[in-house]
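Subject: Structure handover

Hello,

Here is the structure I said I would pass on.

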Amino acid sequence: MPREVPMPRGFRRRLWLLLILLPATLLALPNAWLSSPFGTRWLARKIHHRTHLDTRVDSATITPWGGLTINGIRLAQPPRLAATIRTPLVRIARVNVTPVWRAWLRGNPETHRIEIDSPHATIPAELLLDLAKTANTTTPRQQPQSPTPTPAAAHPTPQPPSPPQPTPNPPAQNPPATPTNTPATQPRTQPNPSQPSQPTTWLHIRNARLTLVSASKQTTLLDALNLNGSLPTGGTAAHSTLTLQSLKARETTLLTGLQIPVSWTSPLLTFGPIDHHAANLDFTLAARIGKHSALPFQLDFLLPPQPLPATTLPHTLRASAKHLAARARLRGLLLSPSTWQGNLAAETRNATLSAHGHTATFDTGSIATLTRGGTITCPDARLISDSLSLLGNATALPDGRFAAILRIVTTPGANRSITSTLFPDPPSPPAFTPLSSPQRNAFDLEAFGDISHISLRLGKDGPVIPVIPAP
């Protein structure tokens, strides 16, 4: 019987060393490739394929225990805006994805968790207008017509001017009802009562920032700073809290230290309701978004009846009121602006406006605004008193064009004083519209153009002055 040949001791050591080093080698090779220019360009092409934007990636790693980590992601602005806005559209310091490996091996990309560190989105307003125009390309292009107000009757509460008609068929919706002190209603979509059995999937966000800018004016319009928290986005129902350090509009701080309760019950992610105090007012915010490819959403805003303390407004205006109430809602598919529908209704009583050393008190006031298919319409806005009434309406199209009118009804002497204060050096005298009573006349201030070229007409058939000259 032949004897077994013993394995050399050195060979056994090398075999054990190979078995130990082989997993490390298999792990090091893909990580070396992912961090190389070839790997980062490959990842950038994958992101570009989904976003259609120029993309750069600094590096990436992958491990069985830590998942996939991508560092230094930058998505460039669209080509026509890249020369004006140097900041990337999206910049993310780090993204980490912890997969469910068994599901990935079956071709189902499930995740346990996603971490996004220091994301910053800089969104131009012009890009949002482009999206709205693209969504409305099936609508024939129309030119906004100049408003042609009907002369108001000679009494303290004149009739409002006819609304401008930028489109031949304006939305045929009724204005929302007068706001009342009732909680915001919930969206029609109801959560599925059956709860998934799999663990909750989490999206962790650290130091997020969202900035809305104007490329044409080179200014920041809105800035949401330092958003932190965890979002449950799948699996079993869960709750969490997001924190927002501040929200600014231009240089004005709107909100600070906002705590946002979040709850997930498939298929709805609910934010709020949030009871908050800002700008001397108490209000409630709430939002819902559905887990669907088009992301159906609803936003609700409620300002219950309350007094407005003396508040400074832009252009040296100051306002106060003994009664103010408002309600607003916006809903649709987040990724399809043409589906957005919104309503705003507000009312006031005993309101006071002060400007340039003059003060006016109004008995009642109201405004109604509608959003349909990317078009924003204000069919009626008014402030009424015995001595002075302000009446207006406006329409803005998805491509940025708009037409608006403000009718000022008061005594002839007061109207001349108001126009001389607002427009001290017009190219020719403003035009006034006589009414049935000689104690009253009307001054119709018309605004028209688009976001890059705004003009004012000082009265019916009056002189036209540019506010923002055409480029």
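What follows is a short account of what was found in it.

The model is a predicted one. The chain has 471 residues, and 39% of them are buried. Its secondary structure consists of six helices and 21 strands. Among contacts with a separation of 6 or more, 50% are between residues 24 or more positions apart.

Strand β6 covers residues 219-234 and strand β7 covers residues 238-249; the two pair in the antiparallel sense over seven bridges. One of the facing pairs puts Leu222 opposite Ala249 of β7. Three residues separate β6 and β7 in a hairpin, and Gly235 in that turn has a positive phi of about 80°.

β7 then pairs with β8, again in the antiparallel sense, over 11 bridges. Here Leu247 has Leu255 in β8 as its bridge partner. This hairpin has two residues between its strands, and Arg250 in the turn has a positive phi of about 55°.

Nonpolar cores

The largest nonpolar core holds 30 residues, of which Leu231, Leu269 and Phe271 touch the most other members. Strand β8 gives the most to this core, with five residues. Apart from it lies another core of 18 residues, including Leu89, Val95, Val97 and Ala215.

What does Leu231 touch, leaving out residues up to four places away in sequence? Its list is Thr201, Trp202, Leu203, Ile205, Ser240, Leu242, Val262, Leu269 and Phe271.

Backbone points to check

Most residues other than glycine have a negative phi, and most peptide bonds are trans.

Two peptide bonds are cis. Ser266 and Pro267 are joined by one, with omega about 10°; Pro267 sits in the loop between β8 (252-265) and β9 (268-278). Gly272 and Pro273 are joined by another, with omega about 5°, and Pro273 lies in strand β9 itself.

For His52 the value is near 60°. His52 is in the loop between α2 (37-51) and β1 (55-63). Is His52 buried or exposed? Its relative accessibility is 64%, over the 50% cut-off, so His52 counts as exposed.

For Leu295 phi is about 55°. Its loop runs between β10 (281-290) and β11 (296-313). Leu295 counts as partly exposed, because its relative accessibility is 26%, which falls between the 20% and 50% limits.

The end of helix α2

His48 lies in helix α2 and is partly exposed, with a relative accessible area of 33%. Which residues does His48 contact, leaving aside neighbours within four places in sequence? They are Leu53, Asp54 and Thr55. The C-alpha atom of His48 is also 8.4 Å from that of Leu75, although the two residues are 27 apart along the chain.

Regards

Conventions: Residues numbered from 1 in each chain as written. Predicted model: local features only at pLDDT ≥ 70, side-chain atom pairs only at ≥ 80, totals over all residues. Heavy atoms only, no water. Helix = DSSP H or I, 4+ residues; strand = E, 2+ residues; numbered from the N terminus. Buried < 20%, exposed > 50% of the residue type's maximum accessible area, 1.4 Å probe, protein only. Contact = heavy atoms within 4.5 Å. Core = buried A, V, L, I, M, F, W, Y, C linked by side-chain atoms within 4.5 Å. Pairing = 2+ DSSP bridges.
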